Amino acid sequence: MAMTTASSTLSSLSSLSLHTSPRLSLLPFTATNTSSTKLRSPLSLFLSSTSSPRLTTTICNAEQPEIETTFFDNDDPEYEAVFDPPEAPEGFVPPPSFDEESLETEDEVAAAYEELYGPAYSGMTVLGNDIYVMDAKVKKLGAFGKLKKEKIRDGFEERVVQVRRVTKVVKGGKQLHFRAIVVVGDKQGNVGVGVGKAKEVIGAVQKSAVNARRNIITVPMTKYLTFPHRSEGDYGAAKVMLRPASPGTGVIAGGSVRIVLEMAGVENALGKQLGSKNALNNARATVVAVQKMRQFREVALDRGIPMEELWK
């Protein structure tokens with residue numbers, strides 16, 4: 001019975017394997033094993049049992065081959081390298097040291113800072129920039145806590161021609177909006193007519209002003225600030241007649257025709273509305289009539305003759 005228990009114990013021990021390290025083996029401790037194998041880190045396990053004798057096992061490591069670690073066989077350890085820098089080219093002047101340079105003044109430092117980051121908050125400028133540029137970017141609230149938009153500063157003046165209430169019939173009823181007609185001009189020959197709709201009057205005026213800036217035209221004028229010749233234009237059912245006038249006459253026109261001519265910078269002209277009284281169509285008819293005009297020098301250039309020959 002004892003021999004049967006011992007043999008079963010030895011078979012179970014021999015069937016064990018250590019997967020973490022294949023160099024380790026589990027062998028029974030005997031005289032032949034200890035004499036034939038060199039033990040580096042012996043570990044004894046004592047298994048005690050009432051019905052079996054005491055068995056002693058030892059875990060041993062196999063010997064590892066030595067690895068060659070010499071990689072620089074051709075190098076001489078006693079060799080001393082000599083530093084030989086390249087020669088400087090002819091006419092080379094070494095730059096001055098940082099400590100030898102003169103100190104910058106406060107104005108030079110401020111100018112360099114302003115060139116990189118803009119004017120400072122101190123209200124002083126060295127390069128002549130606008131010191132209030134930061135205030136223009138501050139969000140300003142208008143009535144009822146709404147964001148107030150800044151006016152565009154591009155040299156154009158705005159004038160409202162007409163504001164009307166318009167309705168749109170939808171499934172749930174009617175939607176009320178406002179339509180605004182605005183004329184913009186710099187009074188130097190550039191003028192534009194725009195229209196826009198919004199739920200508020202201010203929004204409609206702003207939209208129409210942006211639309212007018214997209215439709216800028218140039219009005220041909222003589223040195224007497226009048227038209228070079230007669231012209232007529234129509235837009236829809238509206239018809240407009242424009243005539244030049246002598247100095248001192250002024251702008252004799254009514255409705256939207258007068259506003260368009262004044263914003264363009266015309267001071268002496270005659271205008272007449274011959275068709276519909278619609279303000280938007282008359283303003284656009286005025287633009288059509290102006291676009292038909294040509295300067296004397298353009299006509300003379302197209303004909304290939306001097307300007308003096310036009311009146312002969």
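The model is predicted: local features need pLDDT of at least 70, side-chain atom pairs count only at pLDDT 80 or more, and totals for chains, interfaces and linings use all residues. Residues are numbered from 1 along each chain as its sequence is written, and side-chain values use heavy atoms, with hydrogens and water left out. Helices (H or I, at least four residues) and strands (E, at least two) are DSSP runs, numbered from the N terminus.

I then checked the burial of α6, residues 255–264. Seven of its ten residues are buried, so the rest of the structure largely encloses this helix. Buried means under 20% relative accessible area, with exposed over 50% and partly exposed in between (1.4 Å probe, protein chains only). The buried residues include V257, I259, V260 and L261.

I next traced the open sheet, whose four strands run in the order β6-β7-β8-β9 with antiparallel pairing; two strands pair if DSSP finds at least two bridges between them. Its edge strands, β6 (157–170) and β9 (216–218), each pair on one side only. Strand β8 (residues 190–198) is joined to β9 by three bridges in the antiparallel sense. I found I217 of β9 to be the bridge partner of V191.

Last, I looked up the helices on this sheet. Helix α5 (residues 201–213) lies across β6, β7 (173–185), β8 and β9, at about 145° to β8. Angles run from 0 to 180 degrees between N-to-C directions, with axes fitted to C-alpha atoms, for helices over the stretch in contact. Helix α7 (residues 279–291) touches β6, β7, β8 and β9, and its direction makes about 155° with that of β8; contact means heavy atoms within 4.5 Å.
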